[in-house]
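Hi,

Here is the structure I promised to pass on. Have a look at it first, and then read my notes below.

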Amino acid sequence: MTPGPRADEGTTLRVAVDRARCCGSGNCVLAVPEVFEQDDADGLVLLRDPAPRAALRERLDRAVDLCPAGAIRVG
Amino acid sequence: MTQSTKTELPQWPPVNSARSPFTPLDDAERQRYVGPVTRVLLPTGATAWLVSRHTDVRQLLRHPAFSSDLSRPGFPLLRPLPPEATRNSEGTFIQLDGDAHFRLRRMLTAEFMIKNVRRIEPLIAQTVDEALADLAAAGAPADLVSTFALPMPSKVICHLLGVPYADHDFFQSRSRVLLDRGTSPEEIQHTVGELRDYLRALIDRKRVRLDEADDLLIRLIRERVEPGELGVDELVGMALLLLIAGHETTANMIGLSVLLLTRHPEQYALLRDRPELAAGLVDELLRYLSIVRTGLLRVATEDVEIGGRLIRAGEGAIVLIALANRDAEVFDEPDGFDPYRQAHRHLAFGFGMHQCIGQPLARAELRIALVELARRFPDLRVTADPQELSTRDNSIVFGLDALPVTW
Ligand code: SF4
């Protein structure tokens, strides 16, 4: 990997969701469809990718900000 | 607090018929209400806290110590409610807290999730098409509210729930009565009773023919009522809530949006030429128009500090999403309408566990309705001055009574 400002692009993040808190607003799905989806059975959040690439950081932060229930963590 | 200091408090909601339909509060009013948490006098004679900054509103709406239960002492009512309010509200989960709220809401989250709304987009498009054909057939000049803005979302929610649209005059007129802040407790009681009786009879009819159709009410009867998980009165309340919220809010958003867009012809043309920008434009319309203007109501169940003020257990709070959506800390030049701004942090659908469950549906309806209108009626013009239009100042959901247009 080349050092410099783009060095983190190959790394991954850790995302966790708390389905017990989720109220199914779907804001996370709008913000990062690559990472979040809604469960067919109950409409609550499901993680498609718990270790997305770091390039998605900005949109993941948006998902955290827009989640009305505080159900998303990004590490 | 003594009577003499109470009368010096500003009144909420304010009365000003001269305000532009695009302005939640005029400048003088903003001086009185915006800023750190302030205390106001309600029409019932009670006092409450007014919370209007974006960060305070989000903190409060997400805090578990603020209750939506209007039967709790201290709840900041904007009009007196009938004594039977609690029984009337069975199933109305927007008035419930915690697990009681979640239990009912979660029976609906799959129904309104994004992929289900995508599945019904063809139905929305078809309904929009038919309503626009009616508008064309009515010929110019026409009233856009009664020919398009109101029937379109009414038909969609009727179709989803399985309520006969033929009854629209009945439930539309009753919805308006219930949303009017001037409605007396007796009239609320009577009107809720009429709507509940109507929906109860509809549900009873569906219960004996469960295999003949598939709609949201039938699914809830089959999957929740029959196994004993959901009471029929609760289902009646849920249906009532979805029916009213499903048509009034979207209808008012469409009317006001068209009024605004016809004053920004370049934005209106853009909807037609670049429909992929419509989703962003819809968010800006939701922010800018913020039709739930009188506020969301909560009562504190514990002492909580919001915006540097201690709100004590038993005190009411009125949450002004319309002002939070014009908070300069979050939105540059917040009083300007700018479809290119990133407006996604708006709070038009509320925040916290009660955030509007129908928002994917509302977004899809607004987007499809506005794009198709711009495509089919590129020369649409409003024939009245915005100041002359009759606005619904006394309603919990702000909007236009009528919008005369020509093309
Ligand atoms: S944004 Fe939050 S509440 Fe909404 S679906 Fe995603 S996790 Fe659930």
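Let's begin with a helix in chain B. Helix α3 (residues 54-62) of chain B lies across β2, β3, β5 (296-300) and β8 (316-319) of that chain, and its direction makes an angle of about 125° with β8(B). Some terms: helices (H or I, at least four residues) and strands (E, at least two) are DSSP runs, numbered from the N terminus. Contact means heavy atoms within 4.5 Å. Axes are lines fitted to C-alpha atoms, for helices over the stretch in contact, and angles run from 0 to 180 degrees between N-to-C directions.

Before you go on, the ground rules: this is a predicted model, where local features need pLDDT of at least 70, side-chain atom pairs count only at pLDDT 80 or more, and totals for chains, interfaces and linings use all residues. Residues are numbered from 1 along each chain as its sequence is written, chains are lettered from A and ligands numbered from 1 in the order in which they are written, and side-chain values use heavy atoms, leaving out hydrogens and water.

Now the sheets. In chain B, five strands form an open sheet in the order β1-β2-β8-β5-β3, with mixed pairing (two strands pair if DSSP finds at least two bridges between them). β1 (38-41) and β3 (66-67) of chain B are at the edges with a single partner strand each, so one side of each has no neighbour in the sheet. β1(B) runs antiparallel to β2 (residues 47-51) of chain B, and four bridges join them. Across this pair, Thr38(B) is opposite Leu50(B), and Leu41(B) is opposite Thr47(B). Their hairpin has five residues between the strands, and Gly45(B) has a positive phi near 95° there.

Chain B also has an open sheet of three strands, ordered β4-β10-β9, with antiparallel pairing. Its edge strands, β4 (142-143) and β9 (381-382) of chain B, each pair on one side only. Two bridges link β4(B) to β10 (residues 404-406) of chain B, with Asp143(B) partnering Pro404(B).

Most residues other than glycine have a negative phi, and most peptide bonds are trans. Yet Trp12(B) and Pro13(B) are joined by a cis peptide bond, omega about -5°, and Pro13(B) is in the loop between α1 (3-8) and α2 (27-33) of chain B. Ser290(B) is not a glycine, but its phi is positive, about 30°.

Cheers
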